[in-house]
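Hi,

Here is the structure I promised to pass on.

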Amino acid sequence: MAERSIIDQLDDAVAALAEERQLDLTNPGPELSALVGIAEDLIGLPRETFKAKLQEQLIRRDSMSSPAQQHETNPVRSVSLYICVAGASAAIDFYQEAFGAKEVMRLTEPDGTIGHAEIQIGNAVVMISDEYPDYGTLSPKTIGGSSVKIHLDVTDVDTFAERAIKAGATLVRPIADQFYGARSGQIADPFGYTWIVSTHQRDVPIDEMQKELDKWAQEQSAKKSDEASGIKEPKMRRENRHAVTPYITVHNPAELIDFVTESFGAIEHFRATGSAGGMHAEVSIGDSVVMIGGAEHIQPMPTAIHLYVPDVDQVYERALRAGAKSLMPVVDQPYGERSGGVEDLHGNRWYIATPFVPLQTIAPDLHTVTVYFHPIGAQRFIDFVTDAFGGTELMRHAEGDMIMHAKVQIGDSVIELGEARYPTQPLPTAVYLYVNDVDAVYEQALKAGGTSMLPPTDQPYGDRNAWVKDPFDNVWYVAAPIRVGA
Amino acid sequence: MSQVTESEERLLIEAAQKDPSRFAELYEQNFYRVYAYVARRVHDRAEIQDLTAHVFHQALANLGKFKWKGSPFAAWLYRIAANAIADQAKRKLRESNDQVNNLSASSTATDLEKVERRVRLFRAVDNLPEDQRRVIVMRFADEKSIREIAAELERSEGAVKQLQFRGLENLRNRLNEK
């Protein structure tokens, strides 16, 4: 047998070491022996990936904590969040954009399904996977919601929430100072999870917190008994109101409030009985306020609303369970959203939609609740809101002369409209419209063709109000808070 | 990475105690030491990795408690490693009802010399010419065969063996320099 070269002999030795075989070197020279010695010490050379990954783990565990997180003394997380989402990849993109999360790793199947991924938010790791129905791994979308809310400590809750909402999250509870020493609120992501976002402000002793909670509970029960005895509350909420707020008048407002609460997660803020015996109530849905009023003896004025939600399938199902009838099942629409329609027991039409892109990328001021008009003569209607209220057309989709869909900006809100073309339309509607100068807008609206129902008047509830009916029979309650000392 | 002096090391520790993100530098300085130390006693790669990770997590969590008493930071890490190795050995032996006695985890001077030699070797790998370094890393760390490496690097098997030989030769020369 021919003599093997030293290069081959060395490789034989390395192979034997690697396979933990006995070395069989006949008369190795000093050079080969020395090199084999080196090779022996090299067995078990650490992997570069391990070295890098461990460093990453150590750094992310401890050093990324922002000042808000430094009060946590133990950096080791015994409990981590593992969420299942339908569309894990899109969710990872969303969390990166909305929460500033960083992707740590992902394991994907050949079809793109994410079996396991980890993202980092602040100093916590959140694990994510797609749905695996065969293994009982289901997302909120499939099971109709999640009973778990995720608490997120951030350094600046206002900025954080603002960014998240821009990226497509929905405001569920406004950001506010809380009695327990935090400034916090709740936002919903488009995948069915609710995040309590919070910035620690001050330490509050537990007994003080308990006192505050007792006080709140007392107030709640007092409020309930006040409502039962028909006592009117003079104060009205004006925060979180947009320029355009739908005013839905129905025969049985309490029933409608129940419906929007059950179907759309509405939160009731205010309920009172007016001088004419009608109810006035205000609820918020997502980032918007909806006014609901009426009584048996008052002419109802149902409304069509484009309701933008994180998960249309889930909301549509809930609405049906709450008694609505389907106008259209949920389907992907060619115009960039997945949507379905329902009509509630009071004749209001809810076009429920989840856009394929974050809502605010469609129009920055598009809100959860967007009033949808169906005028006869859409072009004239656009002209009217432009002249009367300073509206700006954002987009239109027309077929020939017929405006199928258009968006018009009014103040910090967007309204939508389409030419009336079904028997149930035009469905004239009522809108509460906040402006800076009621008197001036009232004049403008009359000039543009509106009819006066009530000239500008200071109201006992703190607003200056003028009522205008437009040529399409929609009622606009033009309003501004009464200026003190003006 | 080059060795740091005692005073430099002390500064690194103090910096990391104030700001944990500075721990990266201490990690970089000591990774091979801990790894080589563990590898002296444990041979399974997965176990070496688990123990190494454990040592650094422990070190980071307890960094605030570390007090400079003149002995190098590595000695502290070795102690954490020795305890971890002993704990693991005991756990295993309990499972197999074996004797614990001959598994003393304390380190002798020869032990530490061998560890240091290995650390020098690992560092020397980092400084090899790139084509040799890649072959050495793939062969010894990633445990690939010559054929696999040849396919991946698009070189002939002969060329890969040659690079392996040159790499080991280079490493031997560098170790002998000191």
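Of the 178 residues in chain B of this predicted model, 47% count as buried. The accessible surface of chain B comes to about 9,500 Å², with 45% of that belonging to carbon and sulfur atoms. Chain B has 8 helices and 0 strands. If you take contacts in chain B between residues at least 6 apart in sequence, 64% of them join residues at least 24 apart.

One helix pair to look at in chain B: the axes of α7 (residues 146–153) and α8 (residues 157–177) come within 9 Å and cross at roughly 105°. Angles of 65 to 115 degrees count as roughly perpendicular, so that is what α7(B) is to α8(B). On the α7(B) side you'll find I146(B), R147(B), I149(B) and A150(B), which meet E157(B), V160(B), K161(B) and Q164(B) in α8(B). By class, that contact has 4 nonpolar, 1 polar and 3 charged residues.

Most residues other than glycine have a negative phi, and most peptide bonds are trans. In the loop between β20 (413–417) and β21 (430–434) sits P426(A), and a cis peptide bond joins Q425(A) to P426(A), with omega about 20°. L427(A) is in the loop between β20 and β21 too, and has a positive phi, near 50°. L427(A) counts as buried, at 14% relative accessibility.

The other loop runs between β23 (463–469) and β24 (475–481) of chain A and holds D473(A). Phi of D473(A) is positive as well, near 75°, but D473(A) is partly exposed, with a relative accessible area of 42%.

Cheers

Definitions and conventions:
Residues are numbered from 1 along each chain as its sequence is written. Chains are lettered from A and ligands numbered from 1 in the order in which they are written. This is a predicted model: local features need pLDDT of at least 70, side-chain atom pairs count only at pLDDT 80 or more; totals for chains, interfaces and linings use all residues. Side-chain values use heavy atoms; hydrogens and water are left out. Axes are lines fitted to C-alpha atoms, for helices over the stretch in contact, and angles run from 0 to 180 degrees between N-to-C directions. Helices (H or I, at least four residues) and strands (E, at least two) are DSSP runs, numbered from the N terminus. Angles under 35 degrees count as roughly parallel, over 145 as roughly antiparallel, 65 to 115 as roughly perpendicular and the rest as oblique. Contact means heavy atoms within 4.5 Å. Ala, Val, Leu, Ile, Met, Phe, Trp, Tyr, Cys and Pro count as nonpolar, Asp, Glu, Lys and Arg as charged, and the others, Gly among them, as polar. Buried means under 20% relative accessible area, exposed over 50%, partly exposed in between (1.4 Å probe, protein chains only). Accessible areas come from the Shrake-Rupley method with a 1.4 Å probe; for residues, only the protein chains shown count as cover.
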